[in-house]
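Please keep the sequence and the structure in view while reading.

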Amino acid sequence: MRIFDPHIHMTSRTTDDYERMAAAGVRAVVEPAFWLGQPRTGVGSFTDYFDSLIGWEPFRAGQFGVRHHATVALNPKEANDPRCRPVLDVLPRYLEKDGVVAVGEIGYDSMTPEEDDVFAAQLALAVAHDLPALVHTPHRDKARGVERSLAVVAESGVEPGRVVLDHLNEVTVELVRDTGCWLGFSIYPDTKMSPPRMVELLKAYGTERVLVNSAADWGRSDPLLTRATGEAMLLAGFTDDDLDRVLWRNPVEFYGQSGRLDLGDGDVPDATFAGNSILRGGS
């Protein structure tokens, strides 16, 4: 089983997670820029974070043969903080980096006017930089948030096939399925989606334009739930080809639109990055 996790926040995870993921068949990941759990107070904290997403994290992943790519954006939650707005001015520099395969996460948290403005501005950046867009749908009032997100996407002029609406569920999948956008599902231990629920959706709606991710972060989450979903698919009668399409070929197709995917052959990079290694206690 080969797995490409199209949405996982490895900055929040340990090196042990990379080792476990590689053993489970995870060969590639995309890490979207997101809220770190407490407010950032200025642009410099974002640029340091973006630098780590295109530098240190690909190095750390590469030690286990995992290919790491990123998406960058001003996330919806911090779009409401005026101290963070200047991030929009530095994004173009990062959107030209080789390892950046989309603009994201963008979209809504509380559906404020400020979020409207920042969402539209970043969709315009996606068009200007010829990149796909990863849209975060809100955790509260999700159906209304999905409807509003689709309206903003339609107004932006972005091709629907270059947009994924993530964190969908049984309530919102019908809203997106016929729009031409991709459908993203996050598999969690307790919330969002579970492997059995995901299997039922795949039975009902098929495997086209579907991205299944773990969205693992600093909260209760599990970076191996992509594999658990694949195992549940096989038990439900899906074929190995179905599995490969959902867990590998679909994310390759979506993010491949950036022209920047480098899936390579799993070569391990040099043992240090900026003079540091992931080893502790060794020589």
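Aspartate 244 is buried, with a relative accessible area of 16%. The model is a predicted one.

**Arginine 2 and aspartate 244**
- Arginine 2 lies in the segment before strand 1 (3-5) and aspartate 244 in helix 10 (residues 240-256), so the pair ties together parts that are 242 residues apart in sequence.
- Arginine 2 is partly exposed, at 29% relative accessibility.
- A network of salt bridges links Arg2, Asp241, Asp244 and Arg249.

**Other salt bridges**
- The count of salt bridges comes to 19.
- Glutamate 57 and arginine 60 form one of them, at 3.1 Å from N to O.
- These two residues are three apart in helix 3 (residues 56-62), about one helical turn.
- Glutamate 57 is buried at 3% relative accessible area, and arginine 60 is buried at 5%.
- Arginine 140 and aspartate 109 also meet in a salt bridge, at 3.5 Å from N to O.

**Helix 6**
- Helix 6 (residues 142-156) has 15 residues and spans 21 Å from its first C-alpha to its last.
- Its buried residues include Val146, Leu150 and Val153.
- The buried residues of helix 6 fall within an arc of 165° seen down the axis, so they line one face of the helix.
- Ala154 and Glu155 are exposed on the other side of helix 6.

Conventions: Residues are numbered from 1 along each chain as its sequence is written. This is a predicted model: local features need pLDDT of at least 70, side-chain atom pairs count only at pLDDT 80 or more; totals for chains, interfaces and linings use all residues. Side-chain values use heavy atoms; hydrogens and water are left out. Helices (H or I, at least four residues) and strands (E, at least two) are DSSP runs, numbered from the N terminus. The expected span of a helix is 1.5 Å times one less than its number of residues. Buried means under 20% relative accessible area, exposed over 50%, partly exposed in between (1.4 Å probe, protein chains only). The arc is that of the directions from the helix axis to the C-beta atoms. A salt bridge is a side-chain nitrogen of Lys or Arg within 4 Å of a carboxyl oxygen of Asp or Glu.
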